[in-house]
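Visitor: I am new to this structure. Please take me through one part of it closely, and then show me how other parts are linked.

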Amino acid sequence: MDILKTFGVRRSDCSFARKIKVIPISIAAVLLLGTAATAFAVSSKFEGAQKARIENGYATVLLASGAKALVPLSSLNAEDLEWLRALSVRSPLPHGNSVVTVVRESVPVKKTIAVASTVGPVETVQLVPPNVGRDQIGATCMVYARVHWLDIAGYYVDNAAIYKIINNADTAEPWKSPSYYPALTHLLTDFYPRPLIHDWTPKVDPFEWTRQELRKGRPVLGSFPREIWQALPPGFVGKHPWSGGNVGHQIVINGFTWNSETHSGTFHIINSWQGLMEFDLKTEFAKGAMSVEQSLSPKGELPDRAEQIHVLGIRLLKAVGKTNLYEAETNNGVQRVVAPDEDSARGMLESGESSR
(Lines give C-alpha, C1' and ligand atoms only; values in the text may rest on other atoms or scores of the structure.)
Protein backbone atom coordinates (compact mmCIF):
# COMPACT_ATOMS: atom_id res chain seq x y z
CA MET A 1 0.00 0.00 0.00
CA ASP A 2 1.30 3.46 -0.88
CA ILE A 3 0.87 5.38 2.38
CA LEU A 4 1.54 8.68 0.56
CA LYS A 5 -1.41 8.15 -1.78
CA THR A 6 -3.56 7.35 1.20
CA PHE A 7 -2.87 10.79 2.61
CA GLY A 8 -3.15 12.47 -0.84
CA VAL A 9 0.53 13.44 -1.01
CA ARG A 10 2.46 13.63 -4.28
CA ARG A 11 5.82 11.93 -4.28
CA SER A 12 7.28 15.01 -5.91
CA ASP A 13 6.67 16.85 -2.68
CA CYS A 14 9.70 15.28 -1.05
CA SER A 15 10.00 17.81 1.71
CA PHE A 16 6.52 16.99 3.01
CA ALA A 17 6.88 13.27 2.32
CA ARG A 18 9.86 13.10 4.61
CA LYS A 19 7.64 14.35 7.42
CA ILE A 20 5.12 11.54 7.02
CA LYS A 21 5.63 8.65 9.49
CA VAL A 22 4.38 5.24 8.52
CA ILE A 23 2.32 3.70 11.32
CA PRO A 24 3.28 0.04 11.70
CA ILE A 25 0.38 -2.39 11.41
CA SER A 26 1.26 -3.94 14.80
CA ILE A 27 0.90 -0.57 16.54
CA ALA A 28 -2.42 0.05 14.82
CA ALA A 29 -3.64 -3.33 16.00
CA VAL A 30 -2.70 -2.49 19.59
CA LEU A 31 -4.58 0.79 19.34
CA LEU A 32 -7.64 -0.99 18.00
CA LEU A 33 -7.42 -3.60 20.76
CA GLY A 34 -7.13 -0.89 23.39
CA THR A 35 -10.20 0.83 21.99
CA ALA A 36 -12.15 -2.44 22.07
CA ALA A 37 -11.05 -3.11 25.65
CA THR A 38 -12.23 0.21 26.96
CA ALA A 39 -15.59 -0.36 25.29
CA PHE A 40 -16.33 -2.82 28.10
CA ALA A 41 -17.48 -1.36 31.40
CA VAL A 42 -14.43 -2.90 33.04
CA SER A 43 -12.80 -1.56 36.19
CA SER A 44 -9.74 0.63 35.72
CA LYS A 45 -7.62 -1.99 37.48
CA PHE A 46 -8.12 -4.43 34.60
CA GLU A 47 -7.98 -1.98 31.70
CA GLY A 48 -5.19 -3.01 29.35
CA ALA A 49 -4.73 -6.39 31.06
CA GLN A 50 -2.66 -8.64 28.81
CA LYS A 51 -3.46 -12.19 29.90
CA ALA A 52 -5.65 -14.06 32.38
CA ARG A 53 -6.13 -17.54 33.80
CA ILE A 54 -9.21 -18.68 35.76
CA GLU A 55 -9.15 -21.74 38.01
CA ASN A 56 -10.19 -22.90 41.49
CA GLY A 57 -12.33 -19.84 42.13
CA TYR A 58 -9.58 -17.29 41.35
CA ALA A 59 -8.46 -15.21 38.36
CA THR A 60 -4.73 -14.70 37.83
CA VAL A 61 -4.29 -11.57 35.71
CA LEU A 62 -1.23 -10.12 33.98
CA LEU A 63 -1.93 -6.41 34.29
CA ALA A 64 -0.92 -3.67 31.88
CA SER A 65 1.91 -2.69 34.26
CA GLY A 66 3.41 -6.17 33.97
CA ALA A 67 2.44 -7.09 37.52
CA LYS A 68 0.31 -10.13 38.31
CA ALA A 69 -2.83 -10.04 40.42
CA LEU A 70 -4.66 -12.96 42.06
CA VAL A 71 -8.34 -12.05 42.44
CA PRO A 72 -11.16 -14.16 43.99
CA LEU A 73 -14.00 -14.57 41.49
CA SER A 74 -16.46 -13.89 44.30
CA SER A 75 -15.08 -10.33 44.62
CA LEU A 76 -15.71 -9.41 40.96
CA ASN A 77 -18.72 -7.65 39.58
CA ALA A 78 -20.49 -9.08 36.54
CA GLU A 79 -18.70 -6.84 34.02
CA ASP A 80 -15.20 -7.59 35.32
CA LEU A 81 -15.96 -11.31 35.49
CA GLU A 82 -17.20 -11.35 31.90
CA TRP A 83 -14.17 -9.35 30.72
CA LEU A 84 -11.65 -11.63 32.46
CA ARG A 85 -13.35 -14.81 31.24
CA ALA A 86 -13.15 -13.50 27.67
CA LEU A 87 -9.51 -12.47 28.15
CA SER A 88 -8.62 -15.90 29.56
CA VAL A 89 -9.93 -17.48 26.36
CA ARG A 90 -8.39 -14.92 24.00
CA SER A 91 -5.05 -14.58 25.81
CA PRO A 92 -4.63 -17.41 28.35
CA LEU A 93 -1.98 -16.92 31.01
CA PRO A 94 0.19 -20.07 31.20
CA HIS A 95 1.41 -21.57 34.45
CA GLY A 96 4.94 -20.70 35.49
CA ASN A 97 7.68 -23.27 36.00
CA SER A 98 8.19 -22.48 39.67
CA VAL A 99 6.69 -24.73 42.32
CA VAL A 100 5.62 -23.46 45.72
CA THR A 101 5.51 -26.01 48.51
CA VAL A 102 3.56 -25.04 51.61
CA VAL A 103 4.74 -26.80 54.74
CA ARG A 104 2.24 -26.68 57.57
CA GLU A 105 3.60 -26.25 61.04
CA SER A 106 2.79 -29.39 62.98
CA VAL A 107 1.06 -28.53 66.26
CA PRO A 108 0.25 -31.51 68.50
CA VAL A 109 -3.42 -31.64 69.47
CA LYS A 110 -4.01 -30.75 73.11
CA LYS A 111 -5.55 -33.67 75.01
CA THR A 112 -8.49 -32.12 76.83
CA ILE A 113 -10.67 -35.13 77.68
CA ALA A 114 -9.87 -36.50 81.14
CA VAL A 115 -12.89 -38.82 81.50
CA ALA A 116 -15.22 -40.31 78.87
CA SER A 117 -17.23 -43.25 80.14
CA THR A 118 -20.70 -44.78 80.16
CA VAL A 119 -21.90 -46.92 83.04
CA GLY A 120 -25.40 -48.26 82.53
CA PRO A 121 -27.57 -45.37 81.35
CA VAL A 122 -25.22 -42.70 82.74
CA GLU A 123 -22.65 -41.05 80.46
CA THR A 124 -19.85 -38.97 81.99
CA VAL A 125 -17.52 -36.64 80.08
CA GLN A 126 -15.06 -34.48 81.96
CA LEU A 127 -12.45 -32.21 80.39
CA VAL A 128 -9.26 -31.12 82.11
CA PRO A 129 -9.53 -28.09 84.42
CA PRO A 130 -7.68 -24.83 83.74
CA ASN A 131 -4.02 -24.97 84.75
CA VAL A 132 -4.60 -21.87 86.87
CA GLY A 133 -7.90 -21.09 88.59
CA ARG A 134 -8.40 -17.32 88.76
CA ASP A 135 -10.53 -15.14 91.01
CA GLN A 136 -12.04 -12.28 89.03
CA ILE A 137 -11.44 -8.64 89.93
CA GLY A 138 -14.70 -6.71 90.17
CA ALA A 139 -17.25 -7.56 87.48
CA THR A 140 -14.72 -8.74 84.89
CA CYS A 141 -16.10 -12.27 84.55
CA MET A 142 -16.10 -11.96 80.75
CA VAL A 143 -12.30 -11.69 80.83
CA TYR A 144 -11.67 -14.46 83.34
CA ALA A 145 -14.12 -16.90 81.77
CA ARG A 146 -12.32 -16.50 78.44
CA VAL A 147 -8.95 -16.98 80.13
CA HIS A 148 -10.21 -20.26 81.69
CA TRP A 149 -11.78 -21.27 78.36
CA LEU A 150 -8.53 -20.72 76.47
CA ASP A 151 -6.50 -22.41 79.22
CA ILE A 152 -8.51 -25.64 79.00
CA ALA A 153 -8.05 -25.73 75.21
CA GLY A 154 -4.27 -25.23 75.44
CA TYR A 155 -3.90 -21.46 75.02
CA TYR A 156 -2.32 -19.77 78.04
CA VAL A 157 -2.89 -16.11 78.90
CA ASP A 158 -0.40 -14.43 81.24
CA ASN A 159 -1.22 -11.93 83.98
CA ALA A 160 0.13 -8.99 81.97
CA ALA A 161 -2.43 -9.59 79.20
CA ILE A 162 -5.25 -9.85 81.76
CA TYR A 163 -4.31 -6.67 83.63
CA LYS A 164 -3.88 -4.77 80.35
CA ILE A 165 -7.60 -5.30 79.73
CA ILE A 166 -9.03 -4.71 83.18
CA ASN A 167 -6.76 -1.75 84.02
CA ASN A 168 -8.20 0.13 81.04
CA ALA A 169 -11.80 -0.33 82.14
CA ASP A 170 -13.98 0.45 85.13
CA THR A 171 -13.93 -2.92 86.91
CA ALA A 172 -17.37 -2.22 88.42
CA GLU A 173 -18.96 -1.77 84.97
CA PRO A 174 -16.27 -2.73 82.43
CA TRP A 175 -18.77 -3.36 79.61
CA LYS A 176 -19.34 0.41 79.41
CA SER A 177 -15.73 1.00 78.36
CA PRO A 178 -15.30 1.36 74.55
CA SER A 179 -12.07 -0.66 74.63
CA TYR A 180 -13.47 -3.59 76.61
CA TYR A 181 -15.12 -5.67 73.87
CA PRO A 182 -12.32 -5.14 71.27
CA ALA A 183 -9.83 -6.24 73.93
CA LEU A 184 -11.83 -9.42 74.55
CA THR A 185 -11.68 -10.15 70.82
CA HIS A 186 -7.90 -9.64 70.70
CA LEU A 187 -7.55 -11.97 73.65
CA LEU A 188 -8.70 -14.75 71.31
CA THR A 189 -7.34 -13.67 67.93
CA ASP A 190 -3.78 -12.76 68.93
CA PHE A 191 -2.77 -16.42 69.30
CA TYR A 192 -1.01 -18.39 66.57
CA PRO A 193 -2.42 -20.63 65.34
CA ARG A 194 -5.66 -18.74 65.87
CA PRO A 195 -8.11 -20.66 68.09
CA LEU A 196 -10.95 -22.42 66.25
CA ILE A 197 -14.26 -21.18 67.63
CA HIS A 198 -17.62 -22.85 66.94
CA ASP A 199 -20.88 -20.92 67.40
CA TRP A 200 -24.02 -22.44 68.80
CA THR A 201 -26.98 -22.04 66.47
CA PRO A 202 -30.61 -21.87 67.62
CA LYS A 203 -31.36 -24.63 65.10
CA VAL A 204 -30.26 -27.22 67.67
CA ASP A 205 -31.03 -27.79 71.35
CA PRO A 206 -28.40 -25.83 73.35
CA PHE A 207 -27.80 -28.49 75.99
CA GLU A 208 -27.55 -31.36 73.50
CA TRP A 209 -25.16 -29.24 71.41
CA THR A 210 -23.08 -28.59 74.55
CA ARG A 211 -22.82 -32.29 75.33
CA GLN A 212 -21.85 -33.04 71.73
CA GLU A 213 -19.09 -30.40 71.78
CA LEU A 214 -17.75 -31.67 75.11
CA ARG A 215 -17.58 -35.19 73.66
CA LYS A 216 -15.19 -33.72 71.07
CA GLY A 217 -13.01 -32.26 73.82
CA ARG A 218 -14.21 -28.69 73.27
CA PRO A 219 -14.94 -26.52 76.35
CA VAL A 220 -18.04 -24.35 76.02
CA LEU A 221 -18.37 -20.67 76.88
CA GLY A 222 -21.67 -20.01 78.63
CA SER A 223 -23.38 -17.53 80.90
CA PHE A 224 -26.08 -17.08 83.49
CA PRO A 225 -28.20 -14.18 82.20
CA ARG A 226 -30.44 -14.44 85.26
CA GLU A 227 -29.67 -15.18 88.88
CA ILE A 228 -29.62 -18.85 89.79
CA TRP A 229 -29.10 -18.29 93.49
CA GLN A 230 -31.30 -21.27 94.30
CA ALA A 231 -28.78 -23.59 92.61
CA LEU A 232 -25.67 -22.20 94.33
CA PRO A 233 -24.39 -22.42 97.91
CA PRO A 234 -26.00 -19.71 100.07
CA GLY A 235 -24.30 -16.32 100.11
CA PHE A 236 -22.15 -16.60 96.98
CA VAL A 237 -24.30 -14.59 94.59
CA GLY A 238 -24.76 -11.74 97.05
CA LYS A 239 -21.01 -11.34 97.55
CA HIS A 240 -20.16 -10.98 93.86
CA PRO A 241 -21.16 -8.46 91.16
CA TRP A 242 -23.87 -9.89 88.95
CA SER A 243 -24.58 -7.73 85.98
CA GLY A 244 -23.38 -7.00 82.47
CA GLY A 245 -26.33 -6.48 80.20
CA ASN A 246 -27.52 -9.67 78.54
CA VAL A 247 -24.51 -11.66 79.77
CA GLY A 248 -25.07 -11.57 83.52
CA HIS A 249 -22.25 -13.82 84.67
CA GLN A 250 -19.86 -15.58 82.27
CA ILE A 251 -18.74 -19.14 82.96
CA VAL A 252 -17.21 -22.15 81.19
CA ILE A 253 -18.73 -25.64 80.90
CA ASN A 254 -16.11 -28.40 80.83
CA GLY A 255 -18.05 -31.56 81.65
CA PHE A 256 -21.41 -33.26 82.05
CA THR A 257 -23.25 -36.33 83.26
CA TRP A 258 -26.37 -37.53 81.47
CA ASN A 259 -28.82 -40.29 82.28
CA SER A 260 -30.44 -41.41 79.02
CA GLU A 261 -33.30 -43.10 80.88
CA THR A 262 -34.32 -40.27 83.21
CA HIS A 263 -33.21 -37.49 80.82
CA SER A 264 -31.47 -35.68 83.64
CA GLY A 265 -27.91 -34.94 84.63
CA THR A 266 -25.45 -32.18 85.46
CA PHE A 267 -23.10 -29.70 83.84
CA HIS A 268 -19.69 -29.09 85.37
CA ILE A 269 -19.09 -25.35 85.66
CA ILE A 270 -15.73 -23.58 85.79
CA ASN A 271 -16.23 -20.33 87.69
CA SER A 272 -14.07 -17.34 88.66
CA TRP A 273 -15.07 -16.79 92.28
CA GLN A 274 -12.69 -17.67 95.09
CA GLY A 275 -14.34 -20.40 97.15
CA LEU A 276 -16.53 -21.54 94.26
CA MET A 277 -14.07 -22.11 91.43
CA GLU A 278 -16.06 -25.06 90.08
CA PHE A 279 -19.34 -26.83 90.78
CA ASP A 280 -21.94 -29.16 89.26
CA LEU A 281 -25.20 -27.61 88.09
CA LYS A 282 -28.23 -29.87 87.70
CA THR A 283 -29.91 -29.69 84.30
CA GLU A 284 -33.23 -28.89 85.98
CA PHE A 285 -31.71 -25.67 87.35
CA ALA A 286 -29.85 -24.90 84.12
CA LYS A 287 -33.05 -24.81 82.04
CA GLY A 288 -33.98 -21.19 81.47
CA ALA A 289 -31.04 -19.96 83.52
CA MET A 290 -27.94 -21.02 81.58
CA SER A 291 -27.14 -19.91 78.02
CA VAL A 292 -24.43 -21.36 75.80
CA GLU A 293 -22.54 -19.35 73.20
CA GLN A 294 -19.45 -20.94 71.66
CA SER A 295 -17.13 -23.91 71.91
CA LEU A 296 -13.36 -23.94 71.45
CA SER A 297 -11.34 -26.63 69.69
CA PRO A 298 -8.28 -27.98 71.50
CA LYS A 299 -5.09 -26.37 70.25
CA GLY A 300 -3.81 -28.22 67.19
CA GLU A 301 -7.19 -29.51 66.06
CA LEU A 302 -7.68 -29.01 62.31
CA PRO A 303 -10.75 -27.20 60.94
CA ASP A 304 -13.74 -29.32 59.96
CA ARG A 305 -13.70 -30.24 56.28
CA ALA A 306 -16.10 -28.06 54.29
CA GLU A 307 -19.22 -29.85 53.13
CA GLN A 308 -19.55 -30.39 49.37
CA ILE A 309 -22.18 -28.06 47.92
CA HIS A 310 -25.07 -29.65 46.01
CA VAL A 311 -27.59 -27.58 44.06
CA LEU A 312 -31.16 -28.62 44.90
CA GLY A 313 -32.93 -26.04 42.74
CA ILE A 314 -32.07 -22.94 40.71
CA ARG A 315 -34.00 -20.02 39.22
CA LEU A 316 -33.21 -16.97 37.10
CA LEU A 317 -33.57 -13.63 38.92
CA LYS A 318 -32.58 -11.16 36.20
CA ALA A 319 -30.23 -10.49 33.31
CA VAL A 320 -26.98 -8.67 34.16
CA GLY A 321 -25.40 -7.40 30.96
CA LYS A 322 -24.63 -10.42 28.81
CA THR A 323 -24.90 -12.75 31.82
CA ASN A 324 -27.65 -13.71 34.25
CA LEU A 325 -28.14 -13.57 38.00
CA TYR A 326 -29.32 -16.90 39.42
CA GLU A 327 -30.52 -17.84 42.89
CA ALA A 328 -29.98 -21.43 43.94
CA GLU A 329 -31.17 -23.50 46.87
CA THR A 330 -28.30 -25.68 48.08
CA ASN A 331 -27.58 -28.00 50.98
CA ASN A 332 -25.61 -25.06 52.42
CA GLY A 333 -28.44 -22.51 52.17
CA VAL A 334 -29.56 -20.07 49.47
CA GLN A 335 -26.78 -18.70 47.27
CA ARG A 336 -26.61 -16.34 44.29
CA VAL A 337 -24.30 -16.52 41.31
CA VAL A 338 -23.71 -14.59 38.07
CA ALA A 339 -23.26 -16.90 35.08
CA PRO A 340 -24.04 -16.98 31.32
CA ASP A 341 -26.51 -19.86 31.67
CA GLU A 342 -28.07 -22.22 34.19
CA ASP A 343 -25.61 -25.07 33.60
CA SER A 344 -22.67 -22.75 34.17
CA ALA A 345 -24.28 -21.40 37.35
CA ARG A 346 -24.79 -24.91 38.69
CA GLY A 347 -21.20 -25.83 37.85
CA MET A 348 -19.77 -22.72 39.50
CA LEU A 349 -21.74 -23.34 42.69
CA GLU A 350 -20.77 -26.97 43.02
CA SER A 351 -17.10 -26.24 42.24
CA GLY A 352 -16.90 -23.41 44.78
CA GLU A 353 -16.42 -20.59 42.22
CA SER A 354 -19.54 -18.65 43.28
CA SER A 355 -20.28 -15.72 45.55
CA ARG A 356 -23.16 -15.55 47.98
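Guide: Buried means under 20% relative accessible area. This is a predicted model. Start with Ser 91. Its relative accessible area is 19%, so Ser 91 counts as buried. Ser 91 sits in the loop between helix 4 (78–90) and strand 4 (113–119). Leaving aside residues up to four places away in sequence, Ser 91 touches Gln 50, Lys 51 and Ala 52.

Now turn to helix 7, residues 180–189. Tyr 180, Ala 183, Leu 184, Leu 187 and Leu 188 are buried there. Seen down the axis of helix 7, these buried residues fall within an arc of 140°, so they line one face of the helix. They pack against helix 5 (141–153), helix 6 (159–166) and strand 6 (197–199).

Next come the salt bridges. The whole structure has ten. One of them joins Glu 301 and Arg 218, at 3.0 Å from N to O. Glu 301 lies in the loop between strand 11 (291–296) and strand 12 (311–320), and Arg 218 in the loop between helix 8 (206–215) and strand 7 (220–224), so the pair ties together parts 83 residues apart in sequence. Arg 218 is buried, at 3% relative accessibility.

Arg 315 pairs with Glu 327 in a salt bridge, with the closest N and O atoms 3.0 Å apart. Arg 315 belongs to strand 12 and Glu 327 to strand 13 (residues 323–330), so this pair ties together parts twelve residues apart in sequence. Arg 315 is partly exposed at 48%, whereas Glu 327 is buried at 17%. Finally, salt bridges with shared partners join Glu 123, Glu 208, Arg 211 and Arg 215 into one network.

Note on methods:
Residues are numbered from 1 along each chain as its sequence is written. This is a predicted model: local features need pLDDT of at least 70, side-chain atom pairs count only at pLDDT 80 or more; totals for chains, interfaces and linings use all residues. Side-chain values use heavy atoms; hydrogens and water are left out. Buried means under 20% relative accessible area, exposed over 50%, partly exposed in between (1.4 Å probe, protein chains only). Helices (H or I, at least four residues) and strands (E, at least two) are DSSP runs, numbered from the N terminus. The arc is that of the directions from the helix axis to the C-beta atoms. Contact means heavy atoms within 4.5 Å. A salt bridge is a side-chain nitrogen of Lys or Arg within 4 Å of a carboxyl oxygen of Asp or Glu.
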